[in-house]
Amino acid sequence: MKIYLANPRGFCAGVDRAIDIVELSLKAYGAPIYVRHEIVHSRHVVNSLKLKGAVFVEELSEVPDGQTVIFSAHGVAKAVWEEATRRGLKVIDATCPLVIKVHNEVNRDYKFGYELILIGHAGHPEVIGTLGQVPDKFHLVSSVEDVENLKVEYPTHLSYATQTTLSVDECRDIVAALHKRFPTIKGPHQEDICYATQNRQNAVKKLTELVDVILVIGSPNSSNSNRLRELGEHCGVPSYLIDSTTDINQTWLEGIKAVGISAGASAPEVLVTEVVDYLKAHGGEVVEEVTVIEEDLNEKKRRSRPRPDALISVPPPDKRKFRRLLLKWYARHGRDLPWRKTTNAYHILVSEIMLQQTQVDRVLPKYREWLSKYPTMQDLARAPLPEVTRSWYPLGYNIRPLRLHSIACESVARYGGTLPKDPERLLEFKGIGRYTAGAIRSFAFHEDAPILDTNVRRVLSRIFVVRPNGKNGRNSEALWRLSMDLIPRGRGYDFNQALMDFGATVCTARDPYCLLCPMHDFCKAYPFQANPK
Ligand code: SF4
């Protein structure tokens, strides 16, 4: 009997991250750490974390007052956050970043008055959490038949989202049925089924061409593991979900030539090894991997690994308070700057590049002079490089005019002298990094795009993630995520301008104006001391 191993299989980056969060929290705060709901749907993982001191509960009422509680990778409803805040619990949020993305989409669409539809399985914790993002107007559909029977109030103002661990094929059929019945329905740019789920499903499809039986390692309540088993069956290969070798029924293997093994995104590799050993002891011979894509989990893990400051979450009431105070402050104290009077993407780009490492006062005259000389991308692209460099004088950092010129040439060649608003396309330009792309998207296209420059990093670090020793948090990914989470829907432009002004004029690098600061009663760094003893 030949043994084929699906690749990729098992842990995804989101699951790895959630487990890391529990282990890091146990190290940082000591046992017991309460975890609301199974951190991931794997009996093996849950039992091993229990041994280390994690206490798994289904409801917050089981968590004693003042204790620390971790929300699982599946995400939670808003009411759960509110209850935790009301009871003064310390919350660590291990929600998978992709689920957070779905929550953000749902909240945005609800705010814009859409009647919402979620494609997912009733009772799954992720579905409960997503439905709990809004108080009403949310329908759940799990099949094409559900779509046909759906009764909606506003058929021309509908929006849908998806559970992240669905079967890609099944979801495609449901989405097609939605579009057929409601042609104007709005959905995510790309269905929100996670890359890991898709990759594992593709690998199982490949297995079905080679084997007589498929064993999927995963717990019965793991949605993505169930989808893998169903996919195998759907392709005509008997497929079984097993938690461990004890679930294997010998009759499944009788007379077969080849067996395939896969594992759901919450099943650790140690279980795969145990199953392979079991099969070898029962007539299995050669072991071969069937690879559809190489997933660099370590790379994803490096990028998403939580550092201590990434574990600090901001409860929704604090987010709301911060937004309200910041926008109120900006309405009274925001600076009157010429690049705030335009939505011309080129003009915004010029201002952003000039402002890199340079004070506003020095940029102002040069910005006006530059735009009178090169009013459009085309004008700049046509100008000879030595002249462009001379025109930059006396701003310094002379790599900047060269970058600007190269962006102008590329923009003319590829986009007719404009800039795209799609973040991935913006990042393709040499000289446009993540911050500049965010600035162009929010200031030129009025999108709710995050920005993180020196000022914003300083403000967010001091207010939300300062460490006990007074040092700022340095985890860029956590700050990028926070910067995105904080943006009030539809107010990205004002909010980002406000953050930058606040950092430049109130929460300054040295000697911030803490006594006058509207954030001082909840700022973690207040009163700021440059060199705390
Ligand atoms: S209280 Fe001080 S450190 Fe905190 S945000 Fe305000 S100015 Fe910055």
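**Figure 1. The lining of the second largest cavity, by residue class.** The residues around the second largest cavity split into four nonpolar, two polar and one charged; here Ala, Val, Leu, Ile, Met, Phe, Trp, Tyr, Cys and Pro count as nonpolar, Asp, Glu, Lys and Arg as charged, and the others, Gly among them, as polar. Everything here is a predicted model, so to speak of local features we ask for pLDDT of at least 70, and for side-chain atom pairs 80 or more, while totals for chains, interfaces and linings use all residues. Residues are numbered from 1 along each chain as its sequence is written, and side-chain values use heavy atoms, with hydrogens and water left out. The lining is made up of Trp-339, Ile-348, Ser-351, Glu-352, Phe-443, Gln-497 and Met-500. Two or more of these come from each of α13 and α22 (492-505), with α13 giving the most, three residues. The space inside is about 30 Å³. On a 1 Å grid over the protein atoms alone, a cavity is a set of points where a 1.4 Å probe fits but cannot get out, while a pocket is an open set with protein on both sides within 12 Å along at least five of seven lines; lining residues have an atom within 4 Å of a point. Points are joined across faces, edges and corners, and the volume is the space filled by probe spheres set on them. Helices (H or I, at least four residues) and strands (E, at least two) are DSSP runs, numbered from the N terminus.

**Figure 2. The largest cavity and its cysteines.** The count of cavities of 30 Å³ or more comes to two, and the largest holds about 100 Å³. It has 13 lining residues, with Cys-507, Pro-512, Cys-514, Cys-517 and Cys-523 lying nearest its centre. Its lining has 11 nonpolar residues, one polar and one charged.

**Figure 3. The second largest pocket.** This one is open, with a volume of about 720 Å³. It is lined by 24 residues, and Leu-355, Thr-358, Asp-453, Asn-455 and Ala-504 sit closest to its centre. At least two lining residues come from each of α13, α14 (360-373), α20 (454-465) and α22; α22 gives the most, with six. By class, it's seven nonpolar, 10 polar and seven charged.

Figure 4. Which residues of helix α2 (residues 43-52) are buried? They are Val-45, Val-46 and Leu-49, where buried means under 20% relative accessible area, exposed over 50%, and partly exposed in between (1.4 Å probe, protein chains only). These residues are on the same side of α2 because they cover an arc of only 95 degrees around the axis, the arc being that of the directions from the helix axis to the C-beta atoms. They pack against α1 (13-29) and β3 (54-57), a contact being heavy atoms within 4.5 Å. Just after the helix, Gly-53 takes a positive phi of about 120 degrees.

**Figure 5. Val-292 and its partners from elsewhere in the sequence.** Val-292 sits in the loop between β12 (287-291) and α11 and is partly exposed, at 34% relative accessible area. Setting aside residues up to four places away in sequence, Val-292 touches Asn-7, Pro-8, Asn-199, Asn-202, Ala-203 and Lys-206. Ala-6 is 286 residues from Val-292 in sequence, yet 8.3 Å away in space, C-alpha to C-alpha.

Figure 6. Most residues other than glycine have a negative phi, and most peptide bonds are trans. The bond from Asn-7 to Pro-8 is cis, with omega near 5 degrees, and Pro-8 lies in the loop between β1 (2-7) and α1. Tyr-393 to Pro-394 is cis too, with omega near 10 degrees; Pro-394 is in the loop between α16 (385-392) and α17 (399-415). Tyr-397, also in the loop between α16 and α17, has a positive phi of about 45 degrees. His-37, in the loop between β2 (33-36) and α2, has a positive phi of about 70 degrees and is buried, at 14% relative accessible area.

Figure 7. Mean pLDDT (the predictor's confidence in each residue, from 0 to 100) is 87 for the chain, and 93% of residues reach 70 or more. Residues 299-311 are below 50, with 30 contacts in the model beyond near neighbours in sequence.
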